[in-house]
Amino acid sequence: MKLSYFSLTPSGDRLCSLLAEHLPGTIVTKKTLERENCTFAQMVARLWHTSEGMVFVMASGIVVRTIAPLLVSKASDPAVVVMDSRGAFAVSLLSGHLGGANDLAKALAKTSGGQAVITTGTDVEHTLAFDVFARENHLRIVNLSVLKYISGAMIRREAIGLWCSWPIHVSFPENVIPAHKTCEVFPQKTWVCIAHDYDVPEILKTSERTLYLRPKNLYIGIGCKRNVDFQAMEDAFSDFLRLSGVDREDVAGLCTIELKKNEPAILKLAKKYSLALRIVKEEQIRELEAKGKVQVSEFVRSVTRVGSVSEACALAEGEKNGWKGQARLIRGKTRYPAMTFALAEARPYIHIPGGMI
């Protein structure tokens with residue numbers, strides 16, 4: 001975590017130096033402000049968007065008044081912890097779960113020999129916080145505004161339905177009721193749904209209190225002719241995502257064969273959308289062909305030495321990255337002029353963060 005420490009007193013400066021020895025970060029003191037010729041508020045604003053965590057060794061009132069104009073959303077604001085100059089208390093003030101302020105406060109208190117002060121409801125009530133659950137399982141929260149209903153239900157121990165594309169073998173709190181492939185028998189109005197759009201049951205889509213969590217576990221296989229036009233590929237890629245009901249944020253990688261690892265349009269597509277480019281070996285593809293898991297074309301084999309490109313590449317990477325090697329082909333080979341796409345989903349690894357229940 002990229003940290004920034006702030007102090008306005010000599011004793012606070014000493015504590016910041018001690019903390020930074022164990023949890024490195026930028027230290028801002030009065031001398032720093034004089035050297036930079038700026039005010040405390042200006043320096044906080046300058047570091048607000050580049051820091052993942054901000055530690056203030058000073059009165060909480062100063063901190064609240066300073067950061068108030070900078071607040072945007074719990075999804076983007078940095079973790080904020082306030083400490084006294086003796087290090088007796090580390091107060092998680094802002095972004096306790098998503099930003100990691102609760103964990104940061106605990107780490108700081110451990111270093112200073114003090115006590116972490118955590119006030120988030122789910123922590124106080126010792127129940128599962130689904131924002132922490134999402135963060136620890138690398139799940140994207142699609143509709144953050146619904147989280148308050150889920151957290152409230154957890155605190156009150158009300159029943160919550162849990163639906164996931166894959167079977168879940170995890171012990172949740174008793175009020176969280178898992179369901180797989182069927183929802184009609186569960187009367188809960190509050191749901192947590194771990195699935196992509198193409199796999200969400202219609203009954204959940206009608207609920208205003210369904211929290212959608214999306215894993216970044218989708219792999220898109222791509223095959224194309226040599227020197228295909230980039231704009232044509234980009235347009236086809238966007239159309240393929242639309243047809244598949246997939247958000248680009250949830251794509252973990254583009255996959256292709258070794259023969260196409262230097263294809264200009266593929267390289268440009270991966271770079272433009274910050275997608276990892278995965279090169280699949282011929283042996284992996286032949287293994288999938290032998291098991292009958294992908295469509296095989298002898299014409300494709302005569303050109304590329306393998307009988308499947310887009311499907312095999314997507315599925316191979318899905319199995320490589322899926323929990324226990326499990327993956328499934330979501331959308332088979334889809335043809336566009338001079339290119340093909342396919343989509344596979346890797347089984348996500350789902351666990352309960354340690355100490356939460």
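Predicted model: local features only at pLDDT ≥ 70, side-chain atom pairs only at ≥ 80, totals over all residues.
Author: In α1, L15, L18, L19 and H22 meet L108, T111 and S112 of α5, where contact means heavy atoms within 4.5 Å. Helices (H or I, at least four residues) and strands (E, at least two) are DSSP runs, numbered from the N terminus.

Reader: How many nonpolar, polar and charged residues does the contact of α1 with α5 have?
Author: The contact has four nonpolar, three polar and no charged residues. Ala, Val, Leu, Ile, Met, Phe, Trp, Tyr, Cys and Pro count as nonpolar, Asp, Glu, Lys and Arg as charged, and the others, Gly among them, as polar.

Reader: At what angle do the axes of α1 and α5 cross?
Author: The axes of α1 (residues 10–22) and α5 (residues 101–112) come within 10 Å and cross at roughly 110°. Therefore α1 is roughly perpendicular to α5, a term for angles of 65 to 115 degrees. Axes are lines fitted to C-alpha atoms, for helices over the stretch in contact, and angles run from 0 to 180 degrees between N-to-C directions.

Reader: Turning to the open sheet, what is the order of its five strands?
Author: The order is β7-β11-β10-β8-β9, with mixed pairing; two strands pair if DSSP finds at least two bridges between them. β7 (139–141) and β9 (176–179) stand at the edges with a single partner strand each, so one side of each has no neighbour in the sheet.

Reader: In which sense do β10 and β11 pair?
Author: β10 (residues 191–194) and β11 (residues 210–215) pair in the parallel sense, over four bridges. Y212 in β11 is the bridge partner of C193.

Reader: Which strands does α8 touch?
Author: Helix α8 (residues 147–155) packs on the sheet and touches β8 (160–164), β9, β10 and β11. Its buried residues are L147, I150, S151, G152, A153 and M154, buried meaning under 20% relative accessible area, exposed over 50% and partly exposed in between (1.4 Å probe, protein chains only).

Reader: Where does A338 lie?
Author: A338 lies in the loop between β15 (327–336) and β16 (339–346). Its phi is positive, about 70°, although A338 is not a glycine.

Terms used
Residues numbered from 1 in each chain as written. Heavy atoms only, no water. Parallel < 35°, antiparallel > 145°, perpendicular 65-115°, else oblique.
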